[in-house]
Amino acid sequence: MSKFLEGINTPGGNKTYMRPYSRVYATVNLDAVASNMKSMRENLPASTLIMGSVKADGYGHGSVPIAKTIEPYVFGYAVATIDEGIILRRHGINKTILILGVTHESQYEELLCYDIRTAMFQYEKAKKLSDLAVKQGKKAVVHLALDTGMSRIGMKADREHAKEAASIAALEGIEVEGLFTHFARADETDKSAYEEQYRRYKEFLGYLEELGVQIPICHCSNSAGIVESLESNHMDMVRAGIAIYGMYPSDEVDHNSVKLTPAMEIKSCITYIKEIGAGTAVSYGGTFVADHTMKVATIPVGYGDGYVRSLSGKGDVLIRGKRAAILGRICMDQFMVDVTDIPDVQEDDEVTLLGKDGSECITMEELAEKSGGFHYEMVCDIGKRIPRVYLKDGNIVGTKDYFDDVFKGFE
């Protein structure tokens, strides 16, 4: 881990101190992110725009550095909340930002102030946003959300709600820029559910056209749609999500049409090595008991860092290019592994929790399968205690941590 203790070069060429990440850190390979975007771009029609999803802090990778890396490839960015959008704006990101969820009316002022689009599907709320926009001499740009089978948010895909959509579009302070839906099962081999949702979407578009409403940007496809080359990729725009970060939506989608490279690795180190005899229990509850003499290493990471407890007794880490099995329960801040068969192992040796070491590799999909989790969820849940180190062309170009986090409140 010593290569991360030397500091980073600032744009002016001066060395700046970087706090030693001696316990654990995650690297985010921005070259991999750019490569993933390039692969998706090549699998899409030339006229199809891409919106990059950087919600949940860029799926745990860091929304700002990811947004800046994918900027040459995207029309704009998708987020989940107004706060996520404001963070991007405060970091000088000027392209279109769309909130894919509901924005509370108490935050309409910020929508207009920061020029952020939001999903809209209720006339009463659209009227309040319109009135505020008119008062300020502005137009509030929105994307209509359509529920074609996800049953999450959005208006129903029928004629009656098409009339409501037309009423929203007619509001003085509203500009309808897009219409979107979200596919619930596009990542499955059986595409019948996808086809039905897409049919409902196109049918609703027809209703709007009959009412004289034109939608400039129609978008449906997610990462699954992009890698599967679905018909919906030929609409005005697609929304790239998990694929940006080098993970496929599921095992059922085609892994060959779009080459993806995982962007994140997580590294730690051995803090202590001890020998235990037969009959010795390891960790809480004594769920593992040695049946022979073993060499055990302690790793200073736990579920308090987002390394899930459900990997207890199931997962592996990589040390010196070899797998080391997790023994017993993962604690909040530490866990133990079997290093009996790893020659020359010693304290401070690098430990790979996620990523490559020699010919071995641990993927987020493997961790999800062994823990009974979901790879989207697991990467988003990597905690604040794990600093992110950003790499480009093999060099450190930035870091993000919360070591200077300051509480603002009572004294």
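**Helix packing and a buried glutamate**

Helix α1 passes helix α3 in a right-handed crossing, as seen in the predicted model examined here. The axes of α1, which spans residues 30-42, and of α3, which spans residues 63-70, come within 9 Å and cross at roughly 50 degrees, and that angle makes α1 oblique to α3. On the α1 side the contact is formed by Leu-30, Val-33, Ala-34 and Met-37, which meet Pro-65, Ile-66, Thr-69 and Ile-70 of α3. Classified by residue type, this contact of α1 with α3 comprises seven nonpolar residues, one polar residue and no charged residue. An α-helix has 3.6 residues a turn, so residues three or four places apart point the same way.

The surroundings of α3 extend beyond this pairing. Six of the eight residues of α3 are buried, so the helix is largely enclosed by the rest of the structure. The residues concerned are Ser-63, Val-64, Ile-66, Ala-67, Thr-69 and Ile-70, and the elements against which these buried residues pack are the strands β3 (24-29), β4 (49-53) and β5 (76-79), together with the helices α1, α2 (55-59) and α4 (82-90).

Arg-159, His-161, Ala-162 and Ala-165 supply the α7 side of the contact, while Phe-204, Tyr-207, Leu-208 and Glu-210 supply the α8 side. By class, the contact of α7 with α8 has five nonpolar residues, one polar residue and two charged residues.

The side chain of Glu-177 makes a polar contact, at 2.7 Å, with the side chain of His-143. When residues up to four places away in sequence are not counted, Glu-177 touches Phe-75, Thr-96 and Arg-117, the run Val-141, Val-142 and His-143, and also Ile-215, Pro-216 and Ile-217.

Definitions and conventions:
Residues numbered from 1 in each chain as written. Predicted model: local features only at pLDDT ≥ 70, side-chain atom pairs only at ≥ 80, totals over all residues. Heavy atoms only, no water. Contact = heavy atoms within 4.5 Å. Helix = DSSP H or I, 4+ residues; strand = E, 2+ residues; numbered from the N terminus. Nonpolar A, V, L, I, M, F, W, Y, C, P; charged D, E, K, R; others polar. Polar contact = N/O pair within 3.5 Å; in protein donor to acceptor, adjacent residues only side chain to side chain. Axes fitted to C-alpha atoms, helices over the stretch in contact; angles between N-to-C directions. Parallel < 35°, antiparallel > 145°, perpendicular 65-115°, else oblique. Left-handed = near helix turned anticlockwise from the far one by under 90°. Buried < 20%, exposed > 50% of the residue type's maximum accessible area, 1.4 Å probe, protein only.
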